[in-house]
Amino acid sequence: MFVFVSIILVFVAYTISIKFVYYRYSQLWPHLRNKISTPSYTVGNASFCPTQVRSSALSRNSEDEKPPVTASETRALLVTAHPDDECMFFAPTVLKLVESHAALYLLCLSTGNYNNQGLQRKRELLDSCAVLGIPSNHVTIIDDKELPDDPAVQWSTALISSLILKHIRNYSISVVLTFDGRGVSGHVNHITIYKTLSLLRKYLSVLELPVSWLFPSDFCCLIGREEYKRAKRAMLCHRSQLLWFRRLYVLFSRYMIVNTFQAITVETKNVKIY
């Protein structure tokens with residue numbers, strides 16, 4: 001009986017702590033958003049629209065359909081390694097920034113052609129971005145033989161640096177978001193992106209929220225039930241990747257619910273990198 005009562009009390013306490021985290025986060029989100037809103041470059045034209053730079057990129061829309069970008073809005077660049085990274089690892093961030101009307105750009109550094117599915121995975125990525133709210137003309141997919149989708153190949157940090165810097169300049173980016181030093185999943189391509197700029201926690205899903213709250217971070221994005229459903233729909237767009245273990249990932253991974261970022265010190269005061 002004592003054990004049963006203890007379990008009930010722990011469950012109630014944990015449920016309350018999760019609700020508290022959501023409540024505090026709803027209060028802190030405006031501050032967090034403003035934290036990344038400083039533009040990296042002074043833009044004289046109030047209706048500035050950057051030049052689109054692509055390397056064998058795939059897009060549904062023509063260049064004439066690009067929405068105007070004003071100098072005062074947040075401009076964020078999400079850098080990923082493969083199609084499906086944007087929703088597997090960064091859906092909470094994407095959804096919160098889109099909800100806040102930030103100008104969000106996605107730079108995907110490969111087509112995901114490891115199993116000769118590159119063309120299909122490009123289209124799946126655009127479908128996923130449509131669900132998440134990223135315009136197709138904000139998506140750049142790199143198809144370069146020096147950046148193959150292959151965990152056995154070490155990507156060139158010099159090449160990645162040049163691609164990222166080109167995007168920062170062309171889109172007047174104020175914040176760059178990407179993987180941590182472990183590449184989230186340990187994939188060598190993910191880790192290389194971090195160099196350019198705990199397993200248990202990974203699979204606790206919503207139960208991990210109090211842990212994320214207690215650990216210090218510079219930027220955090222947390223989503224609720226409806227946004228989670230949208231993130232799940234985005235992941236389902238990647239039909240070629242829906243193996244059984246990825247379906248379990250969608251159910252249990254913390255990255256479908258919360259993203260936490262640490263700022264990286266860079267040699268410029270104009271761009272924040274997380």
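Select L97 and show its contacts (heavy atoms within 4.5 Å). Leaving out residues up to four places away in sequence, L97 touches W29, I36, A76, A102, L104 and L177. This is a predicted model, in which local features need pLDDT of at least 70 and side-chain atom pairs count only at pLDDT 80 or more, while totals for chains, interfaces and linings use all residues. Residues are numbered from 1 along each chain as its sequence is written, and side-chain values use heavy atoms, with hydrogens and water left out.

Buried means under 20% relative accessible area, exposed over 50%, and partly exposed in between (1.4 Å probe, protein chains only). This core has 64 residues, and those touching the most other members are L77, L97, L107, L109, V139, L147 and F219.

Move to F89, in the loop between α2 and α3; helices (H or I, at least four residues) and strands (E, at least two) are DSSP runs, numbered from the N terminus. With a relative accessible area of 4%, F89 is buried. Draw a C-alpha to C-alpha distance from F89 to T178: the two are 89 residues apart in sequence and 9.5 Å apart in space.

Now select helix α10, residues 225-236. Colour E227, Y228, A231, A234 and M235, the buried residues of α10. Viewed down the axis, these buried residues fall within an arc of 115 degrees (taken from the directions from the helix axis to the C-beta atoms), so they line one face of the helix. R225 and E226, on the other side of α10, are exposed. The cover over the buried residues includes α2 (85-88), α3 (91-99), α4 (118-132), β5 (219-222) and α11 (244-252).

Show the cysteines. The structure holds zero disulfides (pairs of cysteine sulfur atoms within 2.5 Å). For C87, the nearest cysteine sulfur is that of C237, 7.6 Å away. C87 counts as buried, at 0% relative accessibility. For C221, the nearest cysteine sulfur is that of C220, 6.5 Å away. C221 also counts as buried, at 0% relative accessibility.

Finish at residues 6-25, listed by UniProt as "transmembrane region" in an unreviewed entry. Over residues 6-25 the chain is 100% helix and 0% strand, with 28 Å between the end C-alpha atoms.

Definitions and conventions. Expected span 1.5 Å × (residues − 1). UniProt positions renumbered as here; feature names shortened; annotations may be inferred. Core = buried A, V, L, I, M, F, W, Y, C linked by side-chain atoms within 4.5 Å.
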